[in-house]
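Subject: Structure handover

Hello,

The structure I promised is below. My notes on the contacts and packing follow it.

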Amino acid sequence: MTDHILEAHTLEQDEALIPPSNWFERSETLQKLRKNKKFPTIWCAGCGLGVVMGALIRAIDHLGLKNDDVALVAGIGCTARMPVYMDFNTLHTTHGRALAFATGLKIARPDMKVIAIMGDGDALAIGGNHFIHAARRNIGITALVVNNSIYGMTGGQYSPTTPVGKVATTAPYGNVEPPFPICELAIAAGATYVARSTVYHALELDKFLAEAIAQEGFSVVEAVSYCHTTYGRLNRLGTAADMMRALKDNSIAKNAYDKLSPDEQKVNTKIVRGILHQDHTRMEYTRMYEQQILTRVQSV
Amino acid sequence: MAIRLMQGNEAIALGAIAAGCRFYAGYPITPSTEVAEVMSRELPKYGGKFIQMEDEIASMAAIIGGRVGGLKSMTATSGPGFSLMQENIGYAAITEIPCVVVDVQRLGPSTGQPTAASQGDVMQARWGTHGDHPIIALAPISVRQAFDLTVKAFDFSERYRTPVILLTDEIIGHMREPVELPDFSTIKIYEHEVKEPPEEYKAFRNTEDSVPPLVPFGKGYRYHITGLLHDEIGFPTQRLDEIDPWLKRVNEKLEKHIDEIVLVEEDYQDGARIAVLSYGCSARTARHAVKVARSQGKKVNLLTLLTIWPFPEKQVEALGEKVDRVIVPEMNLGQLAYEVERVIGRKKVIRVTRANGEMVTPQMVLERMEG
């Protein structure tokens with residue numbers, strides 16, 4: 001390891017080189033990873049997705065769920081590769097369709113915790129229709145949307161969350177389409193738990209994800225991340241560390257945001273982090289089907 | 001059960017329930033909608049679940065998800081919806097998730113004529129999704145057979161871990177015939193049996209019959225399913241030594257069981273030099289034309305294909321050796337005829353085609369027997 005990295009972590013040379021002999025076994029997070037095959041991940045060094053994966057594992061762990069009772073369903077993209085590394089029931093599907101597959105799975109197994117893991121393009125462009133309808137039904141699925149404002153896997157094309165004016169390989173003169181506000185869309189469509197945080201605020205992500213998974217109905221967690229390889233490079237935003245720091249500097253906790261005056265709120269450009277919506281009054285879809293239909297229809 | 005007057009679409013829905021289908025996801029489209037309507041009404045009586053999804057792409061995805069969760073699943077649609085389902089049909093084929101897709105064919109392309117019949121999706125049923133893949137397609141010719149082949153479709157999809165297309169058409173779907181259905185409790189569908197413990201389970205390994213048993217999610221057998229090329233535990237791979245044996249198994253597994261999968265009806269006469277070969281609604285035309293020809297003293301062979309894909313090469317080839325001429329009536333511009341020509345040569349094949357929503361008439365077939 002080079003000196004400047006060691007310095008940044010305030011580590012002694014020996015400390016960095018010699019991990020404790022039981023480093024894998026003693027980490028609860030690592031125990032939820034698949035051990036039978038192939039690391040490292042496909043993600044670029046410095047990507048925020050590792051933070052999200054860690055947060056998801058810790059959230060599931062915190063709830064005391066058994067690995068067998070959890071299903072992770074994903075579509076296509078960098079984010080959607082996450083399930084393959086994790087030791088649950090994992091379904092890697094077609095682009096944009098994670099929530100549609102997850103809907104069938106949840107109906108077949110209402111007792112299981114079904115988590116759909118999507119990027120911003122996967123969830124909101126090609127999968128936008130499924131996103132609003134899953135929310136409308138309030139089906140018991142947790143949608144984890146990692147928002148890095150770009151199509152990373154295909155090399156940096158503008159997505160439905162790319163801000164206006166930013167450059168992408170398919171927006172060389174600057175993006176002219178306004179972005180979707182993911183959480184506001186989810187709330188309007190009927191999701192019953194909606195929260196947002198960033199990959200800088202890893203512990204906050206743990207908490208929101210645990211709450212989202214515990215929520216009976218459709219829950220959404222937007223994990224704001226970054227793509228230094230494409231978006232950052234094209235828009236000259238620096239290294240992964242620079243972009244991570246920007247998430248810290250350019251975000252504001254919801255309780256702090258709520259204290260701002262209406263005028264201040266109007267001009268706020270920071271990412272608002274927090275639980276943005278929670279509703280315990282609407283019945284979850286599979287429970288509704290059970291109560292309203294299955295128990296009422298006379299069985300043959 | 002008592003004799004009832006019933007539509008083909010209703011028979012399909014009841015056949016699915018009889019076969020143990022307990023999840024249906026679909027989107028309304030003429031002329032298949034009655035399948036969804038009957039399923040929404042009947043499934044809950046059997047503890048099954050129905051959902052109307054936001055589109056056909058989602059419907060196809062949901063039934064795959066449902067089967068991954070352990071419920072036998074089905075969807076029904078027509079041409080435009082069938083086109084939308086193609087990507088996920090390929091996903092089911094390559095991840096080897098059993099499911100049944102009913103395509104009640106209507107006149108296309110595009111919106112075409114929703115209430116008019118067609119057999120225009122023959123090639124789409126085989127090659128609609130991208131890439132080489134296994135697929136089974138069955139085509140009923142009567143209401144009772146719509147029931148029976150739906151049951152078969154579930155049995156085949158489970159037995160061979162593949163999507164099965166029930167390739168019917170507006171005429172069979174909307175036609176009413178008196179039928180007596182069998183007692184549902186007498187119907188047996190193939191069940192997967194897993195002998196190995198979870199830690200040794202490999203969902204995509206090679207087996208003697210090329211069809212590894214499938215365990216649903218949430219049963220303690222945690223594994224990965226992906227539409228990427230994968231190895232025998234489902235992990236994405238680019239290694240040729242892992243990809244090649246798996247691709248070979250998946251693409252050859254139906255060939256290996258072809259004699260069980262191919263269903264045909266042969267009605268042959270000694271010394272006949274003319275044959276009529278057909279399927280689906282056009283087989284009704286063929287049957288009538290052959291009956292008339294025989295009543296006029298002609299000798300004619302009649303071959304009805306119930307299995308369209310994989311194509312019954314052996315049976316068609318044998319027919320080609322018996323006769324000088326094979327007349328192929330169909331409600332398209334000659335899609336299955338391509339396959340017949342491939343097997344027995346172009347010279348012997350006479351196409352009788354119609355793609356305007358009207359049935360091929362027995363007269364059109366009889367005329368081609370003459371000269």
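The contact between the chains takes 38 residues from chain B and 37 residues from chain A, where two residues count as in contact if their C-beta atoms, placed from the backbone, lie within 7 Å. This is a predicted model, in which local features need pLDDT of at least 70 and side-chain atom pairs count only at pLDDT 80 or more, while totals for chains, interfaces and linings use all residues. Residues are numbered from 1 along each chain as its sequence is written, and chains are lettered from A and ligands numbered from 1 in the order in which they are written.

On the chain B side of the contact with chain A, β2 (23-26), β3 (49-52), α3 (56-68), α4 (79-95) and β10 (224-226) of chain B each give two or more residues. Helices (H or I, at least four residues) and strands (E, at least two) are DSSP runs, numbered from the N terminus. With nine residues, α3(B) gives the most to that side. By class, the side of chain B that touches chain A has 21 nonpolar, eleven polar and six charged residues; Ala, Val, Leu, Ile, Met, Phe, Trp, Tyr, Cys and Pro count as nonpolar, Asp, Glu, Lys and Arg as charged, and the others, Gly among them, as polar.

Strand pairing also links the chains: strand β2 (residues 89-92) of chain A pairs with β10(B) in the parallel sense over three bridges. Two strands pair if DSSP finds at least two bridges between them. A:L91 has B:I225 as its bridge partner in β10(B).

Within chain B, the division is into domain 1 (3-186), domain 2 (198-259) and domain 3 (265-370), with bounds from an automatic or database domain assignment. Between domain 1 and domain 3 of chain B, the C-alpha centres lie 26 Å apart, and 23 residues of domain 1 are in contact with 20 residues of domain 3. The side of domain 1 of chain B that touches domain 3 of chain B draws four residues from α5(B), which gives the most. That side has 16 nonpolar, five polar and two charged residues.

Next, a helix pair. The axes of α1 (residues 8-18) and α2 (residues 33-42) of chain B come within 8 Å and cross at roughly 40°. Axes are lines fitted to C-alpha atoms, for helices over the stretch in contact, and angles run from 0 to 180 degrees between N-to-C directions. α1(B) and α2(B) are therefore oblique to each other, given that angles under 35 degrees count as roughly parallel, over 145 as roughly antiparallel, 65 to 115 as roughly perpendicular and the rest as oblique. Among the residues making this contact are B:I12 and B:I17 of α1(B) and B:V35 and B:V38 of α2(B). The contact of α1(B) with α2(B) has six nonpolar, one polar and three charged residues.

Finally, a sheet. Five strands of chain B form an open, mixed sheet in the order β11-β13-β12-β15-β16. Its edge strands, β11 (264-267) and β16 (349-353) of chain B, each pair on one side only. Strand β15 (residues 325-330) of chain B pairs with β16(B) in the parallel sense over five bridges, and B:E330 has B:T353 as its bridge partner in β16(B). Helix α11 (residues 313-322) of chain B lies across β11, β12 (274-278), β13 (300-305) and β15 of chain B, at about 170° to β13(B). Helix α12 (residues 336-344) of chain B packs on the sheet and touches β12, β15 and β16 of chain B, with its direction at about 165° to that of β15(B).

Regards
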